[in-house]
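Have the structure open and turn to each spot as it comes up.

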Amino acid sequence: PSFFNDTATTEIYTLAASYLTDLIAEANLDFELEVTASMLKIDEKWLTAEEYTNLVLAVYLSGYDLDVEITPAFIKDLETEVTYDNVTQTRLEHILEANIIYGYVDKYTQNENARVKVAEILEKALASFITDFNYTINSDFLRVPALALDSEGRLKKTEFLALVKAFNSLDLESFDEFSDFTLEYFLDQAQEEKVVNVVTNLLESEWVYALVGKAAGMEEALALVAEIVTDMLEGITDISYVFEASDFDLRAKKYGIFNETGIHKDYINKDEIIALVRLAYVYDWLDISVSGLEGIDNLIADLLGNPNQRAVAPIDKILSSKIVVGLLDKVINLETSNLLAYYAELINKYVSDVEILDGLVITEEHLRVAGISDENGLIKPEEIRGLLELVYALDLSSEFNAKKILEFGKDGRNNNGKADYLDIFESSSIFYQLLSNLYKDEEIKLFVLYLLEDNAAEVINGINYLEELAVNYQV
């Protein structure tokens, strides 16, 4: 029992640290980690003859030996059940019976330097998926939640079981395959079930579920999203508007996204996380190329789908996600939105660039609508779909002329048995109400009147049969 307390202790720790450093390097992981002797020192209460026996037994039952290489196949084998002393459980569970191993785990789950290292690895991983990602992850965010700790404050065995199961769900043959993990790889339709399986298993870990499930409700995360959107939209629109964290907060009861009771109160519901993952495979997002009005028309056509070719259109699958509908509610629900001032400024900016509309001013009042929300105050999904139907019916990429206006009376582009003009005015009450708001505004009427007086006379006088026609524009 005094073996680890004599003068050889430091040398033993040093040799072990060197061996582990080499072992990690041989695994060809996408990061470097040097193990030091001080990192291997643990609480001496675990350094007993009984625990040394448990440690040796754990290594034996793991199937590991000095000539065994640590590979994905070895990790997969940790889920294999073996029987020892009439106890049948997985190799991993046998390993976790050794309190010396638990001692090390406890040491590192509570260690600030370890959290910083994990944060750096996560930052590097996110940077490989997200263009221009340069944000620092606060290591405090990675602290182990109470639900992941046992009564003695150590990481629960179920945490290891869930993480190993999730890793094995990747079906790796070599660690080198990590280099293939690109956004294109994960968004391949063939990977959907694999990715869903991995995420499902990861969410069985209380630690992972806390990281994912609580992130969308953290003020720091919401503030970061607001900052990113503020910078991005200002670069696109050249309009200075500071978005707030509340503009992206989906914790309200009406959204039905977060658990309201139980041990996972204030976590995003697991089903909603999985539903969001599946949305990645609803459409080939990486192939989106919206260039000009024709690109917009094509994208909307794809999202609406052809009712004669598929049972469920991509847009309907997208709108089945409460998270998506919640975000869209924040953005386009003009009945409850706090962004009307921003939208008015944005519209006026682009209207001012159109010579014929010079002088036209849109206000917040023009953008106020009613009746587009359900009984909980959440925008109705059919209103969102209706906006797409409306834009598609307008056929923005084609020339706007008399022939086009007349063809709106036909059953045209949407193949839904209704004339296009009905799609334009009935698909979404948002558009209808916006037009009504403009029509009821006396200043807008005067603007249109003066516009007609300035431009219509020349057109009318250019028609032989109408040369002597006198028009009373005040009517």
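Does N86 count as buried or exposed? N86 counts as exposed, because its relative accessibility is 75%, and the cut-off for that class is over 50%. Point 2 comes back to this residue and its surroundings.

1. **The whole chain.** Please keep in mind that this is a predicted model. The protein chain has 475 residues, and 36% of them are buried. Its secondary structure comes to 22 helices and 2 strands. Among contacts with a separation of 6 or more, 63% are between residues 24 or more positions apart.

2. **The hairpin.** Strand β1 (residues 81-84) and strand β2 (residues 87-90) run antiparallel and are joined by 4 bridges. The hairpin has 2 residues between its strands. D85 has a positive phi of about 55 degrees, although it is not a glycine. N86, also not a glycine, has a positive phi of about 65 degrees. As for accessibility, D85 is exposed because its relative accessible area is 62%, which is over the 50% cut-off.

3. **A58 in helix α3.** A58 lies in helix α3, which covers residues 49-62. With a relative accessible area of 1%, A58 is buried; the limit for that class is under 20%. What does A58 touch, leaving aside its neighbours within four places in sequence? Its contacts are H94, I95, A98 and I101. For a distance to check on screen, take R91: it is 33 residues from A58 along the chain, and their C-alpha atoms are separated by 8.1 Å.

4. **Helix α8 and its cover.** Helix α8 (residues 157-168) has 12 residues, which should span 16 Å at 1.5 Å a residue. Its end C-alpha atoms are 17 Å apart, so the model agrees with that expectation. The buried residues of α8 are E159, F160, A162, V164, A166, F167 and N168. What covers them includes α4 (72-77), α5 (91-95), α6 (99-109), α10 (192-202) and α11 (206-215).

5. **Helices α12 and α17.** How do these two helices lie relative to each other? The axes of α12 (residues 219-237) and α17 come within 12 Å and cross at roughly 20 degrees. That makes α12 roughly parallel to α17, because angles under 35 degrees fall in that class. On the α12 side, L233, I236 and T237 take part, and they meet Y342, L346, K349 and Y350 in α17. By class, this contact has 5 nonpolar, 1 polar and 1 charged residues.

6. **Y350, one of the residues in that contact.** Y350 is found in helix α17 (residues 340-351). Its relative accessible area is 41%, so Y350 is partly exposed. Not counting residues up to four places away in sequence, Y350 touches I236 and T237. T237 is 113 residues from Y350 along the chain, and the C-alpha atoms of the two are separated by 9.3 Å.

7. **Helices α13 and α16.** Here the axes of helix α13 (residues 270-279) and helix α16 (residues 322-332) come within 8 Å and cross at roughly 85 degrees. The two helices are therefore roughly perpendicular to each other, as the class runs from 65 to 115 degrees. E272, L276 and L279 of α13 make the contact with K322, I323 and V324 of α16. Sorted by class, the contact has 4 nonpolar, no polar and 2 charged residues.

8. Helix α18 (residues 381-394) has 14 residues and reaches 20 Å from its first C-alpha to its last, close to the 20 Å expected at 1.5 Å a residue. Which residues of α18 are buried? They are E383, I384, G386, L388, E389, L390, Y392 and A393. D395 follows α18, and its phi is positive, near 50 degrees.

How values were computed: Residues numbered from 1 in each chain as written. Predicted model: local features only at pLDDT ≥ 70, side-chain atom pairs only at ≥ 80, totals over all residues. Heavy atoms only, no water. Axes fitted to C-alpha atoms, helices over the stretch in contact; angles between N-to-C directions. Parallel < 35°, antiparallel > 145°, perpendicular 65-115°, else oblique. Contact = heavy atoms within 4.5 Å. Nonpolar A, V, L, I, M, F, W, Y, C, P; charged D, E, K, R; others polar. Pairing = 2+ DSSP bridges. Buried < 20%, exposed > 50% of the residue type's maximum accessible area, 1.4 Å probe, protein only. Expected span 1.5 Å × (residues − 1).
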